[in-house]
Amino acid sequence: MKKNLLIAIGRQFGSGGHEIARRLSKELNIPIYDKELLKMQAKESGIAETVLEAYDEKPTSSLLYSIVMDVYPAMNYAGASLNQQVYQAQFDTIRNLKDQGSSIIVGRAADYILRDEPGLVSVFIHAPLEVRAQRVAEFEGVSFQAARDMVTKADKKRSSYYNFQTDRQWGAASSYMLSIDSSAVGYDGAVQIIKTFAEMKKSVPVMD
């Protein structure tokens with residue numbers, strides 16, 4: 001049976017992870033899922049997309065729960081907590097993708113959710129803080145210091161979310177099959193590294 005190629009890309013904010021995923025999608029001619037996952041989750045779970053977006057790759061907090069419930073007071077989340085239901089919706093959506101063909105999934109602890117899949121290639125994209133802050137400053141049109149603060153806060157949220165939802169450490173080399181510094185090889189270089197790694201992994205027999 002042919003194994004679907006499932007590339008899960010974790011990334012530091014400003015490292016170019018989404019752009020690398022987009023170029024890889026074009027290179028391999030397979031779909032990419034990032035924000036698109038929210039629409040899919042909403043459709044499959046019945047949870048409002050705005051609620052899912054509020055929780056997207058963010059750590060659990062009672063304040064966030066209060067804000068969401070103030071906006072959607074009529075929504076009934078009986079039984080499991082809202083955070084648990086949102087994560088379950090994300091988990092189910094990502095698990096369902098594995099049977100629909102090869103794909104690239106950005107963030108959302110997809111590497112952990114798909115950890116037992118033989119076709120998985122898990123990647124973490126990173127770069128020095130100063131490099132990422134400069135990229136964000138240019139892209140967002142803000143000062144370097146403001147961009148640096150944005151990067152630091154975004155990384156903290158992603159790290160807290162990943163570490164809470166998994167038994168792994170966000171960004172640690174041992175959590176992924178492949179770790180790439182995008183500032184060292186560029187976006188296209190990262191694409192070729194991931195592509196080559198996936199091809200090499202596919203040729204290695206699965207060990208029992």
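Below are my entries, from the whole chain down to a single residue.

**Entry 1: the overall picture**

I noted before anything else that this is a predicted model. I then looked up the secondary structure and found 9 helices and 5 strands in the chain. Reading from the N terminus, I wrote the order of elements down as β-α-β-α-α-α-α-β-α-β-α-α-β-α. The chain has 208 residues, and 43% of them are buried. I also checked how far apart in sequence the contacting residues lie. Of the contacts with a separation of 6 or more, 68% are between residues 24 or more positions apart.

**Entry 2: the sheet**

In which order do the strands of the sheet stand? I found an open sheet of 5 strands, ordered E2-E3-E1-E4-E5, with parallel pairing.

**Entry 3: strand E4**

Is E4 largely enclosed or open? I counted it as largely enclosed by the rest of the structure, because 6 of its 7 residues are buried. On one pairing, strand E1 (residues 6–11) runs parallel to E4, and 6 bridges join the two. On another, E4 pairs with strand E5 (residues 178–181) over 4 bridges, again in the parallel sense.

**Entry 4: alanine 8**

Next I went to alanine 8, which is found in strand E1. Its bridge partner in E4 is serine 122. Why does alanine 8 count as buried? Its relative accessibility is 1%, and the cut-off for buried is under 20%. I then listed what alanine 8 touches, leaving aside neighbours within four places in sequence: Ile105, Ala110, Asp111, Leu120, Val121, Ser122 and Val123. Valine 106 is 98 residues away from alanine 8 along the chain, yet their C-alpha atoms are separated by 6.0 Å.

**Entry 5: helices H7 and H8**

I turned to helix H7 (residues 129–140) and helix H8 (residues 144–165). Their axes come within 8 Å and cross at roughly 115°, which makes H7 roughly perpendicular to H8. The crossing of H7 and H8 is right-handed. Among the residues making the contact are Leu129, Ala133 and Val136 of H7, and Phe144, Met150 and Val151 of H8. I sorted the residues of this contact into 8 nonpolar, 2 polar and 5 charged.

**Entry 6: helices H1 and H9**

At what angle do H1 and H9 cross? The axes of helix H1 (residues 17–28) and helix H9 (residues 182–202) cross at roughly 35° and come within 9 Å. H1 passes H9 in a right-handed crossing. From H1 the contact includes Ile20, Leu24 and Leu28, and from H9 it includes Tyr187, Val191 and Ile194. The residues of the contact of H1 with H9 divide into 7 nonpolar, 2 polar and 5 charged.

Notes
Residues are numbered from 1 along each chain as its sequence is written. This is a predicted model: local features need pLDDT of at least 70, side-chain atom pairs count only at pLDDT 80 or more; totals for chains, interfaces and linings use all residues. Side-chain values use heavy atoms; hydrogens and water are left out. Buried means under 20% relative accessible area, exposed over 50%, partly exposed in between (1.4 Å probe, protein chains only). Two strands pair if DSSP finds at least two bridges between them. Axes are lines fitted to C-alpha atoms, for helices over the stretch in contact, and angles run from 0 to 180 degrees between N-to-C directions. Angles under 35 degrees count as roughly parallel, over 145 as roughly antiparallel, 65 to 115 as roughly perpendicular and the rest as oblique. A crossing is left-handed if the near helix is turned anticlockwise from the far one by less than a right angle, and right-handed if clockwise. Contact means heavy atoms within 4.5 Å. Ala, Val, Leu, Ile, Met, Phe, Trp, Tyr, Cys and Pro count as nonpolar, Asp, Glu, Lys and Arg as charged, and the others, Gly among them, as polar.
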